[in-house]
Amino acid sequence: MELLESRCVLASYSVVDLGFLNGGFDNEWNDINNAGQIVGRSGASAALWNPAPAGGGTGSMVDLGRLNGDDVTIAESISADGKIAGTSVRWATAAGQTFSSRPFLWTPDAPNGATGSIEALDVPDSRVKGVNSSGKVVGEMGEFEPVGLGHAFVWELDEFGNPSL
């Protein structure tokens, strides 16, 4: 048996500190697309980290905001062209419920852009798992615990621009 030579190979990657949104103290990052855009949460707001240039190691963080009245909004998935889907959570509601969640879709003004608009999707008690460039959002709705009681959903706009499940 022949011994292989020992060599030292430099790493071909780097670690980038994405930072925090103003006032944020913790982050959760969930997905990345081929342009290097990363989505998740910083503090209580959904966040997008945009590399400059595309695929670069420096960039800036964009506050995608929170849905009105909710406590935490988390970006879960990003498509190739920068559409972002996520879950927004309210810990206590006026009706006495202790937890509710709803999905959202953030659409950039231009492909892979840093500005856009966020809208709540009409799928109660649900959480998002993914989004594609057509704007189809997939996730789970219903009871999450115990495991297996939730139901899968696909949300999309029909040919007239109306939402459908």
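Predicted model: local features only at pLDDT ≥ 70, side-chain atom pairs only at ≥ 80, totals over all residues.
Q: OK, what's the strand order in the open sheet that has S1 in it?
A: S1-S2-S3-S4, four strands with antiparallel pairing. Strands here are DSSP runs (E, at least two residues), numbered from the N terminus, and two strands pair if DSSP finds at least two bridges between them.

Q: Which ones are the edge strands?
A: S1 (27-32) and S4 (59-65), each pairing on one side only. The twist averages 30° from one strand to the next; axes are lines fitted to C-alpha atoms, and angles run from 0 to 180 degrees between N-to-C directions.

Q: How many bridges between S2 and S3?
A: Five, in the antiparallel sense, with S2 covering residues 38-42. Ser-42 has Ser-45 of S3 as its bridge partner.

Q: Now Asn-50, where does that lie?
A: In strand S3, residues 45-51.

Q: Buried or exposed?
A: Asn-50 is buried, at 10% relative accessible area. Buried means under 20%, with a 1.4 Å probe and protein chains only.

Q: And what does its side chain make a polar contact with?
A: The side chain of Gln-37, at 2.7 Å. A polar contact is a pair of N or O atoms within 3.5 Å; within protein, one must be able to donate a hydrogen and the other to accept it, and residues adjacent in sequence count only if both atoms are side-chain atoms.

Q: Switching topic: which residues are in the largest nonpolar core?
A: Eleven residues, including Val-39, Leu-48, Leu-64, Phe-104 and Trp-106. S3, S4, S5 and S7 (100-108) each give two or more. A nonpolar core is a set of buried Ala, Val, Leu, Ile, Met, Phe, Trp, Tyr and Cys residues joined through side-chain atoms within 4.5 Å.

Q: What is Leu-64 in contact with?
A: Leaving aside neighbours within four places in sequence, Leu-64 contacts Ala-46, Ala-47, Leu-48, Ala-75, Ile-84, Trp-106 and Ile-118. Contact means heavy atoms within 4.5 Å.

Q: Last one: what about the sheet with S5?
A: That's an open sheet too, four strands in the order S5-S6-S7-S8, paired antiparallel. S5 (72-78) and S8 (116-120) each have a single partner strand, so one side of each is left without a neighbour in the sheet.

Terms used
Residues numbered from 1 in each chain as written. Heavy atoms only, no water. Buried < 20%, exposed > 50% of the residue type's maximum accessible area, 1.4 Å probe, protein only.
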